[in-house]
Amino acid sequence: DVTEIEEKEAQAKQEEQIMKEQELSNLLHEKRYLKALGLAISLDRPHTVLTVVKAILKEPEGRRHLEENIARLRKDQKEAVLAFLVTWNTNSRNCHEAQAVMETLLKHEAPDSLLQFSGIKSAVESLLPYT
């Protein structure tokens, strides 16, 4: 019977999730946005990533800080953010943040680099009607 082992594993995963969410909350409070973005992306939480982007944009010099933070993300993280912003862009409440992130990606990534992103074709097709 492996029920007890599975329950312990599930409980450990749940505890780890709670710890990561607490860490994310602390990072936002401390205004450590790059780490907060990375953690939210790794947790696959598009709404949390959007919350971090909004917090960055509320800061003085928010656009510049957003550019600095997005530029420092790894390629896989940028791909995830691109996928998230496609969804954000369809909602009028979040479209400005999506456009700011998209502008940053377009400014700081070479066209050849953007073409290497997974899902770039479908992302562009989805962004065009709303942009």
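Predicted model: local features only at pLDDT ≥ 70, side-chain atom pairs only at ≥ 80, totals over all residues.
Visitor: How many residues has the largest nonpolar core?

Guide: A nonpolar core is a set of buried Ala, Val, Leu, Ile, Met, Phe, Trp, Tyr and Cys residues joined through side-chain atoms within 4.5 Å, where buried means under 20% relative accessible area, exposed over 50%, and partly exposed in between, with a 1.4 Å probe and protein chains only. Here the largest such core has 33 residues, and those with the most contacts inside it are Leu37, Val49, Leu82, Leu85, Trp88 and Val101. At least two residues of this core come from each of α1, α2, α3, α4, α5, α6 (95–108) and α8 (120–127); helices are DSSP runs (H or I, at least four residues), numbered from the N terminus.

Visitor: At what angle do helix α3 and helix α5 pack?

Guide: Two packed helices are described by the angle between their axes and the distance between the axes. The axes are lines fitted to C-alpha atoms over the stretch in contact, and angles run from 0 to 180 degrees between N-to-C directions. Helix α3 (residues 46–58) and helix α5 (residues 75–89) pack at about 85°, their axes being 10 Å apart. That makes α3 roughly perpendicular to α5, the class for angles of 65 to 115 degrees. Pro46, Val49, Leu50 and Val53 of α3 meet Val81, Phe84 and Trp88 of α5.

Visitor: How are the rings of Phe84 and Trp88 placed, and why is the pair called tilted?

Guide: Rings of Phe, Tyr and Trp (its six-membered ring) pair if their centres lie within 6.5 Å, and planes under 30 degrees apart count as stacked, over 60 as edge-to-face and the rest as tilted. By this rule there is 1 aromatic pair: the ring centres of Phe84 and Trp88 are 6.4 Å apart and their planes stand at 40°, so the pair is tilted. Phe84 and Trp88 lie 4 residues apart in helix α5, which means a separation of about one helical turn. Phe84 is buried at 8% relative accessibility, and Trp88 is buried at 4%.

Definitions and conventions
Residues numbered from 1 in each chain as written. Heavy atoms only, no water. Parallel < 35°, antiparallel > 145°, perpendicular 65-115°, else oblique. Contact = heavy atoms within 4.5 Å.
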